[in-house]
Amino acid sequence: MNIVGELALWTALPVAVWGMALGFMGGRNGRGDLVLSAERAVYATLGLSFLASLGVIDLFLNDRFDYWYPAAYSSRDLGTFFKVSGLWAGQRGSLLFWLLLLNVFSAIAVWSNRRKNREFMPYVIGVLMTIQTFFLVVLLFAEVNPFERLGFTVADGQGMNPQLQNYWMTIHPPTLYLGFTAFTIPFAFAISALLTGRLDSRWITVTRKWILLSWFFLSNGIVFGMRWAYEELGWGGYWFWDPVENASLLPWLTATAFLHSIQIQETRGMLKVWNMGLVIGTFLLTIFATFLTRSGLIESVHTFAENLTIAWIFLGFMFASAAVGLVLVLYRLPKLRSESRIESFLSRESAFLFNNLVLVAATFAVMWGTLLPLLSEGFMGQEIAVGPPFFNRVNLPIGLFLLFLMGVGPVIAWRKASARNLRKNFVWPTSVGLGTGAILWAIGIRHGMALLTFATSAFVMTTIVVEFWKGTRARARIEGEGWLKAFYHLIARNRRRWGGYIVHVGVVMIFTAFAGAPWNTDIEQTLEPGQSAEITSPFGHTYRLTYEGLSTNINDRAQNLRWQLVALMSVEQEGERVGTVQPEKRQYFVGGNRDPNTGNATEVGIRATPYEDLYVILASVPQIETGMSLNDPSAQQAHFRIMIKPLVGLIWSGIMVLSVGGLIGLWPATEKPRAAKSSPGGRRAVAAAGD
Amino acid sequence: MPNNGRFMVGLVGVAAVVTYLIWTGVSETMVYYLTPVELIERFEEDPSFREVAVKVSGEVVPESYRKGQGELEHHFEIVDLEDETATFPVRYVGILPDTFNDAPDMLTEAIIEGRFEEGTFEATLLLTKCGSRFEASKEQLHDQMQLQEQMPADHIG
């Protein structure tokens with residue numbers, strides 16, 4: 001199987017080049033036969049990259065430690081689940097995995113457009129196959145071939161980093177990669193639109209679902225990564241503005257901007273150049289993120305010489321793509337003129353434009369902070385770095401403004417908002433927002449940023465609730481339906497709009513969770529079995545945690561554990577027993593079992609409630625280090641760090657709400673959208689009729 | 001077009017605010033990011049540089065770790081990745097990252113942030129390199145193969 005896989009990988013290169021050449025030639029000469037052959041090349045490369053991926057999984061499952069990649073990432077003891085996840089655990093595999101996902105999406109795009117949008121398809125295939133060729137060249141020639149042999153065989157592999165042996169870490173990279181690769185489809189259509197000169201909003205309409213799909217996966221991928229950091233890194237945080245995290249956030253920011261700005265182009269024929277810029281920029285950022293996460297370029301500037309070949313190939317590709325995009329946009333500039341212009345400061349166009357501007361500003365700020373060490377070294381010969389304080393300082397006000405716009409944008413009128421429109425739509429939300437702020441102030445909340453976030457969140461939530469209420473009521477009256485049925489039909493008839501609102505609800509929940517961070521509370525205490533620690537929640541109640549004792553699990557081959565210490569703590573809330581938490585320390589067998597100090601893992605104990613998490617870290621067990629027998633109770637003395645994380649659960653429930661909204665928007669259409677909906681006044685018609 | 005004018009003012013306003021935030025953010029929160037060699041050179045040029053907060057990336061000196069007085073006080077040494085003579089002691093209070101290691105045959109890269117106080121680097125931040133992004137080199141795998149061959153079979157995991 002591995003030989004077949006390796007062969008498939010090599011075969012894929014000429015096939016991809018063939019598809020690329022025929023796609024472009026077929027498009028240029030209008031030769032359908034060439035395009036057909038290019039389409040078949042797309043399906044062929046999908047088969048080939050699938051075989052190559054199977055080959056890599058086969059290497060892992062059969063413990064082929066004569067191959068570099070499994071020898072460096074797997075071990076005999078590793079569970080089957082994690083062996084399969086070896087396909088994306090390291091640089092080599094993850095590049096192949098990227099290629100596989102791109103192939104899957106390419107094939108779906110080609111298949112679903114086999115009878116329509118034919119004017120775009122030749123160049124779409126050409127662009128997709130160019131990107132595939134690029135990844136194949138990297139895989140085969142940049143010293144990252146997953147099928148590279150060692151020339152000798154190690155008895156056992158290095159094992160997987162225990163921090164990666166976590167459910168969220170297993171699904172986090174693939175989800176992000178799904179988001180990254182899905183975005184190449186809109187990019188390919190955009191380039192095709194530029195090449196063919198079909199520059200109306202057709203290419204956007206065709207790829208709208210792809211844009212949303214990509215955004216859906218990116219959002220989930222980022223939050224899965226946060227969840228992993230929260231559970232596995234054991235310091236109680238979920239976001240650290242680490243270069244790798246930032247790299248995944250950058251395309252998300254521009255994709256979010258794009259998701260909004262395309263609505264202006266579709267409705268008003270504006271922002272054509274801007275949208276081209278965003279789609280090309282987002283694509284480049286997905287490539288940049290893949291490159292950054294897997295090259296270690298930023299976090300360790302002093303040692304990045306590890307694999308310069310791949311760095312140069314990636315940089316070259318990014319520059320070439322940017323140059324081609326720029327030239328095409330400049331060439332087509334006369335055709336990208338705006339069909340209308342902004343009429344008023346108080347209009348939906350304006351709100352969307354500000355949303356875009358602010359998102360791009362955030363992208364710029366995050367990128368600047370991330371690349372600062374590299375830029376300052378290059379231009380000043382002096383490395384300068386910024387950390388979380390910088391990113392928070394810049395992004396908190398930006399985030400707050402975005403949150404505010406989220407309340408304004410969807411309900412303000414297109415073109416020019418009348419005083420009536422403003423009064424009708426904003427009296428209630430503004431009152432609720434101000435009221436929430438006043439109540440929170442009255443009960444003693446003085447943290448400015450958090451107060452503003454809570455008040456703005458209430459404002460946004462009210463706009464959404466009022467919209468749903470008005471829409472449902474209007475439907476119920478006009479169609480004579482029951483409330484529930486009317487609510488269902490309301491969403492079903494314009495899933496894009498109402499799905500979008502539900503996505504906004506999820507985002508508001510996540511922002512609210514962020515604003516809980518100033519009330520994070522923590523204590524540290526050394527306890528012997530039977531002793532207790534107390535911590536008071538910002539919500540007022542007190543937890544009492546009693547350390548019941550330590551249980552051990554030594555030499556557990558099934559779980560690949562050298563040892564495992566589990567501290568059992570019973571939790572009482574206001575004197576009432578509510579459950580237990582079990583923070584752990586573990587040591588995994590890694591590195592071929594040779595070094596007892598490697599493979600430490602701290603597993604935190606979390607007791608989650610909807611409004612706050614109790615988060616306990618087993619910081620150390622002093623007697624373990626002196627080798628005392630744990631049978632002696634005093635030897636079980638342990639040091640704990642106990643934290644309360646208010647509102648953090650809203651992140652995880654928020655992403656679920658966001659996903660529901662996203663899925664509503666993504667669901668295949670059952671009926672043709674009515675023409676009235678695309679006209680500026682049409683959207684308001686239903687709500688207006690209800691008044 | 002008065003409306004467009006107002007709109008432009010808004011756009012320029014947002015751009016100005018963000019630029020201001022980035023500018024002051026960088027100047028007020030930036031730290032120098034240095035290797036131990038560069039840090040020591042800086043001291044020699046300008047002794048007052050010891051007061052400045054810096055970020056340093058280096059390697060944890062094997063077997064240099066010892067526990068401090070409190071449960072969460074840690075002492076170890078950092079050495080430059082390329083120059084063995086550039087080394088200094090570090091004190092860190094907090095929970096050690098899981099990937100922290102001072103075993104003799106491990107290379108643990110650490111990034112610390114803080115400043116010097118009486119000859120010891122008081123780290124307020126300690127990050128150690130997550131292994132996932134750095135695969136074992138061919139040489140390391142080769143060394144390991146030889147080690148495993150010397151060990152009785154039942155010792156092999």
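User: Why is Glu39(A) called buried?

Analyst: Glu39(A) has a relative accessibility of 6%; buried means under 20% relative accessible area, exposed over 50%, and partly exposed in between (1.4 Å probe, protein chains only). Glu39(A) therefore counts as buried. This is a predicted model, in which local features need pLDDT of at least 70 and side-chain atom pairs count only at pLDDT 80 or more, while totals for chains, interfaces and linings use all residues. Residues are numbered from 1 along each chain as its sequence is written, chains are lettered from A and ligands numbered from 1 in the order in which they are written, and side-chain values use heavy atoms, with hydrogens and water left out.

User: What makes the pair of Arg118(A) and Glu39(A) a salt bridge?

Analyst: The criterion is a side-chain nitrogen of Lys or Arg within 4 Å of a carboxyl oxygen of Asp or Glu. In the pair of Arg118(A) and Glu39(A), the closest N and O atoms are 2.7 Å apart, and a salt bridge is assigned. Arg118(A) lies in the loop between α5 (91–112) and α6 (121–141) of chain A and Glu39(A) in helix α2, so the pair ties together parts that are 79 residues apart in sequence. Helices here are DSSP runs (H or I, at least four residues), as are strands (E, at least two), numbered from the N terminus.

User: Why is Arg118(A) described as partly exposed?

Analyst: The relative accessibility of Arg118(A) is 31%, so Arg118(A) counts as partly exposed.

User: How do you know that Glu467(A) and Arg497(A) form a salt bridge, and where do they lie?

Analyst: The closest N and O atoms of Glu467(A) and Arg497(A) are 2.7 Å apart, which is given as a salt bridge. The pair links distant parts of the chain: Glu467(A) is in helix α16 (residues 448–479) and Arg497(A) in helix α18 (residues 495–514), 30 residues apart. Glu467(A) is buried at 3% relative accessibility, and Arg497(A) is buried at 14%.

User: How do you know that Thr45(A) and Asn103(A) make a polar contact?

Analyst: Their side chains are joined at 3.1 Å. A polar contact is a pair of N or O atoms within 3.5 Å; within protein, one must be able to donate a hydrogen and the other to accept it, and residues adjacent in sequence count only if both atoms are side-chain atoms. Thr45(A) is found in helix α2 (residues 32–61) and, at 1% relative accessibility, counts as buried.

User: Why is the pair of Trp98(A) and Phe135(A) called stacked?

Analyst: Rings of Phe, Tyr and Trp (its six-membered ring) pair if their centres lie within 6.5 Å; planes under 30 degrees apart count as stacked, over 60 as edge-to-face and the rest as tilted. The structure holds 51 aromatic pairs over all chains. Trp98(A) and Phe135(A) are 4.2 Å apart centre to centre, with 15 degrees between the planes, and form a stacked pair. Trp98(A) lies in helix α5 and Phe135(A) in helix α6, so the pair ties together parts that are 37 residues apart in sequence. Trp98(A) is buried at 0% relative accessibility, and Phe135(A) is also buried, with a relative accessible area of 0%.
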